[in-house]
Amino acid sequence: MKRPENKKRMSLKLKIGSYLLIFGLGMISLLVVFQMFLLEPMYESNKIRFVKEISDSVLKYMKTDELDDVIESQQVRTDACIAVYRPSEGSYEEARFSNCMHYRLSALEILENTAKASKSSDGTYLYVGEREMKGESRNRLKVVVYTRIVAEEDDDDGNAVIMVNSTISPIDAAVKTLQSQLLYFGAIVVIGVIVLTYLMNWRIAEPLMHINESAKKLSEGEYENNPSTNRYLEAQELNETLSRAAVDIRKADQAKRDLIANVSHDLRTPLTMITGYGEMMLDLPEEKTDENVQVIIDESKRLNTLVNDLLDLSRLQEGKITISSESFDLASLIRSEMRKYDVYRMKDGFRIEEYICENAEVTGDQKRLAQVFNNFMTNAINYCGEAKHIIVRTETDKGRVKVSVQDFGPGIAEKDLKNIWDRYYKVDREHVRVSSGSGIGLAIAKEILDLHHCGYGVESKVDQGSTFWFSLPLQERERV
Ligand code: ADP
């Protein structure tokens, strides 16, 4: 058998490691991309939304006494600078923004922004840009300024203005902090990946490798159920499945050996008889009697039966035989098959009782079901012991017909019962010579009954005898 090419395949250990590494690197790259390209725009848009929200909340309190408190609390809570100007309080140039914490807009800037807001359709103007700070540091800061014109109906002097501004630039400091954090984070991810790879290899890959090593011996029916590989459910199940497979392989191997032993024994016995009788008739012309010729014919027939049975079983097992589906009366089939066994009653002193029902119309393969029945009968004759007592029954019950063959022979031990239908299984290894059996009769019966989806079984007690039975559904009209 050609083994699959393994060289180019990656081992599970390497696969787990590389997947985790790819995952770790992916996470780090995602973070870098976020920081380099997305952090600033996100921060900016957040700031814009934020100043707009502040402007909205100030607008809500424009005409209330709480306005000053609202402005103050917003400024304490946030880093935004809020200014409300009313025309009645003087010109824009004189507007005071003394409560701004971070920076102050020049009067010119206020005028410019206000002019732009009043010209826009919704009375608002958003300015986002850099602005040089006054003072010693002369830093350039990115700022956002949101100007809103508020029409005040009762005020003739003009409109009120709400201005909210905030800085965006401090994000640089945040980015630097994040970048240094990213380094630590990267290092933690790499260490995490290494530890995780080790742990996963130890927990997942290693048990599988153990199982793989032991499974290599499976073809010889050997499998070492290693308890250290039972670290997780799937490994444990795989272990158990392989152990069962090893037992089955051993069994099949034993069955194959038994077959060869049994078949060669069964072939040799008639062959010895044929050769012996042939040679005897050649050497002693007076032995050329009809009886001796009959022995040769009988033994040849036995050989023929054996070979046919073997072929039959192998074709049934390969699914090459299909059963026909005809309607027939099973009761009259059993009745007519029973006539074959009259000879045992007359010649060999057998007591064979028949309790066969009137009519039992079923669907199936007549010939094959007769074959099963005859196998049960042959076995009963071979294994009925001194009692030579056999009871055949066909009974109908609950829409089914049951055919059973009971003997009062040595019976079958409990431990052998489950194996009785197996190929070539013999309870007694000492070969029992049967009139037409080949040692695989029950295996053939099982295949046929399975194809019919029949119920079947055996009840047996040591020294009390056995009852082999099968049952089939009756055709509709029979059920009433
Ligand atoms: P064989 O040709 O050996 O009878 P079968 O497949 O028909 O082969 O039966 C398998 C085995 O089952 C037999 O070898 C025998 O040990 C056991 N067996 C079958 N029928 C009976 C029975 N009626 N009583 C006791 N043992 C039986």
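This note sets out numbered points on the structure above.

1. Basis of the model. The model is predicted; local features need pLDDT of at least 70, side-chain atom pairs count only at pLDDT 80 or more, and totals for chains, interfaces and linings use all residues. Residues are numbered from 1 along each chain as its sequence is written, and side-chain values use heavy atoms, with hydrogens and water left out.

2. Helix H7. Helices are DSSP runs (H or I, at least four residues) numbered from the N terminus. In H7, which spans residues 330–338, the buried residues are Leu330, Ala331, Leu333, Ile334, Glu337 and Met338. Viewed down the helix axis, these buried residues fall within an arc of 160°, so they line one face of H7; the arc is taken from the directions from the helix axis to the C-beta atoms. Buried denotes under 20% relative accessible area, exposed over 50%, and partly exposed in between (1.4 Å probe, protein chains only).

3. Salt bridges within helices. The count is 16 salt bridges, where a salt bridge is a side-chain nitrogen of Lys or Arg within 4 Å of a carboxyl oxygen of Asp or Glu. In helix H5 (residues 233–283), lysine 256 and aspartate 253 are three residues apart, or about one helical turn. Their side chains form a salt bridge with an N to O distance of 3.7 Å. Lysine 256 is partly exposed at 48% relative accessibility, and aspartate 253 is partly exposed at 27%. In helix H6 (residues 290–317), glutamate 299 and arginine 302 are likewise three residues apart, about one helical turn, and the closest N and O atoms of their salt bridge are 3.4 Å apart. Here glutamate 299 is buried at 5%, whereas arginine 302 is partly exposed at 22%. An α-helix has 3.6 residues a turn, so residues three or four places apart point the same way.

4. Further salt bridges. Aspartate 416 and lysine 415 also pair through their side chains, at 3.4 Å from N to O. Aspartate 416 is buried, with a relative accessible area of 5%, while lysine 415 is exposed at 58%.

5. Nonpolar surface patch. Leu30, Val33, Phe34, Met36, Phe37, Leu38 and Met42 make up a nonpolar patch on the surface, with about 680 Å² of accessible area together. Such patches consist of residues with over 30% relative accessible area and no salt bridge, nonpolar side chains (Val, Leu, Ile, Met, Phe, Trp, Tyr) being joined within 5 Å. Accessible areas come from the Shrake-Rupley method with a 1.4 Å probe; for residues, only the protein chains shown count as cover. Leucine 38 belongs to helix H1 (residues 12–60) and is partly exposed, at 35% relative accessibility.

6. Isoleucine 188. This residue lies in helix H4 (residues 171–215) and is exposed, at 58% relative accessibility. The C-alpha atoms of isoleucine 188 and glycine 24 are separated by 9.8 Å, although the two residues are 164 residues apart along the chain.

7. Cysteines. The count of disulfides is zero, a disulfide being a pair of cysteine sulfur atoms within 2.5 Å. Cysteine 357 is buried, at 16% relative accessible area, and cysteine 454 is buried at 11%.

Key
Helix = DSSP H or I, 4+ residues; strand = E, 2+ residues; numbered from the N terminus. Patch = residues over 30% accessible without salt bridge, like charges linked within 9 Å, V, L, I, M, F, W, Y side chains within 5 Å.
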